[in-house]
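Reader: I am new to reading protein models. Could you walk me through one, a feature at a time?

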Amino acid sequence: MTEKDQELNLRQRLSGLSRLPLLRGVRVNGESERLERQLERLQADTSDEAIWRSVELARHADRPYTMDYVERFIDDWVELHGDRGRADDGALVTGLGKLDGRTVALIGHQKGRDVKERLDRQFGMAYPEGYHKAMRVMEIAERFGFPVISLIDTPGAYPGVAAEQHGQGGAIARSQAEMARLTVPTVACIIGEGGSGGAVAIAVSDRVLMQEHAIYSVITPEGCAAILWRDAGEAKKAAAAFKPDALHCLELGVIDGIVAEPEGGAQNDHDEAARLLRTALVENLEELEDTPGEELRRRRRAKFRGMGVFA
Amino acid sequence: MSEARIDVQVEHKHAPPPAEKKHPNTCPKCGSHYRDDELAAALWVCSHCGHHFPMRARARIDWYTDPGSFMEEAADVRSEDPLDFFDLRPYAERLSEAELNTGLNEAALIGQATIDGHPVELSVMDFTFMGGSMGSAVGEKFSRACDSAIERGVPLISVTSSGGARMQEGILSLMQLPKTVCAVEDLHDAHIPMITVMAHPTTAGVLASFASLGDVTIAEPGALIAFTGPRVVQQTTREKLPDDFGLAEQNLRFGHIDAIVPRAEQRDHLTRLLRLFA
Ligand SMILES: [Zn+2]
Ligand SMILES: [Zn+2]
């Protein structure tokens, strides 16, 4: 591409972006200066370096996790434990609480902050029991008309002997099927790593958002590099090739919007990250709440059934 | 060679075969060797030890359906390369090569047929096409099979054989999971039965989507049915793996499938199910 083509390409991309439900938190709060900064950053964000920076920020050890957001914007939080069959999976938390005055069911992956908690929560990699627990809470939501909020942050579903014996593949399939059946509004946001089946299991939602520096991908960059390049060290190349960043996901029609992060990334200011995320969640819920449940479900299925590029 | 030897290591599904690989007609379990016509006559099952060799999609359709009854649908649906994906080789090149080697234009075939007189819709995967991986075209074909079954009010028989999502399509390949799940939910709502036959291997993204949602699920003996394959589990967790880790036999024991049915008995088994759902 010539420099001119590149500029044209970027301009088109930007004009497309301004039409999309992008950067909600920012737009709603009228912080035009910040919006400009975000757009500038996105404009520059076609480089492989920028994609890799999102991979690093999405996995940053200080990034806010699901419970950091719950503490900041869910009132009357009551965590619900256990799948009623076998276990309580710490990698996936579920519960009920109030978001901007309405009761919601919240499902979110939870990584650990210190070594012990990380081990207890399997680094945010859920067993089938985690998805069974999520389905149980979705059923409660459906019965009582509570919207379902999913916060996604997992490297992937847990890859272990017991997880396989307990039916990891089937659990992920059935969790998606349950989401495809719901008649309540559903909003998901990828708040860190959206790793493969373990992520999409709870992301079959009316609105799927991504934080600015979150990633959403079919495999980890290291996993892809190990298979296709035969060298896990080529993760950067792999990420550049399969483009897990929010902007590319938006362009491919996989997500419905991008949620802005504080300057330099969500890890720098948990309160501000929470404020921006809360605004986006509430705004999306408000846009869905007047639509009849059957219609929500019909549109949700049509949206996902339209995904893909083929000849 | 169209009957390319299929690697049982799904994690290596795009890797070129190691040099020491045995002849594709040599049974990996007992070492018996067969001529092509012998294998075909035995439905690609080792007559000595019962090992199920991989079966190509068209051969399987011929075996299941009444002669001349199969009418292919959506044959023109093919993969695109939305990411301009390039690893050691361009995705576009891998696709052309797969087409040449397999005589197929994607890893799934769909269409209408009759089985013992019962009209059905079929979706059959072929592992020789890029490891049966699911990209946008496979997701679309399976979804159209669901729609065709609904439209005609006939059961859907889905045969799976796949290493998972097709990485070269990036996030769009992951989106084929919810896409096919939504298609199955439309099928369920229309009260159309889906019978799933899991062939070796049924893993990762395909297991974690439409393959697991059949009303009745049978598997071929010895098929690997796992979300994460043994090599990756071993490498990530350093756990000691049970001998039958992830195999159909273990899946039956743990309650994930309804039955293991040897290939030679599958046609009768399907016919019986079709009578029950008729
Ligand atoms: Zn043998
Ligand atoms: Zn692949």
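Author: Gladly. Let us begin with a term: a residue is buried if its relative accessible area is under 20%, exposed if over 50%, and partly exposed in between (1.4 Å probe, protein chains only). By that rule, both Cys27(B) and Cys46(B) are buried. Please keep in mind that this is a predicted model, where local features need pLDDT of at least 70, side-chain atom pairs count only at pLDDT 80 or more, and totals for chains, interfaces and linings use all residues. Residues are numbered from 1 along each chain as its sequence is written, chains are lettered from A and ligands numbered from 1 in the order in which they are written, and side-chain values use heavy atoms, with hydrogens and water left out.

Reader: Which residues coordinate the zinc ion (ligand 1)?

Author: Look for donors, which are N, O and S atoms within 2.8 Å of the metal (3.2 Å for Na, K and Ca); water is not among the atoms, so sites may look incomplete. Here the SG atoms of Cys27(B), Cys30(B), Cys46(B) and Cys49(B) coordinate the zinc ion at 2.2 to 2.4 Å. Along the chain, these donors follow the spacing C-x2-C-x15-C-x2-C.

Reader: Which parts of chain B does the pair Cys27(B) and Cys46(B) tie together?

Author: Helices (H or I, at least four residues) and strands (E, at least two) are DSSP runs, numbered from the N terminus. Cys27(B) lies in the segment before α1 (36-41) of chain B and Cys46(B) in the loop between α1 and α2 (57-64) of chain B, so the pair ties together parts that are 19 residues apart in sequence.

Reader: How many helices and strands are there in chain B?

Author: Chain B has ten helices and eight strands. Its C-alpha trace spans about 50 × 45 × 40 Å along the principal axes. Of the 278 residues in chain B, 60% are buried.
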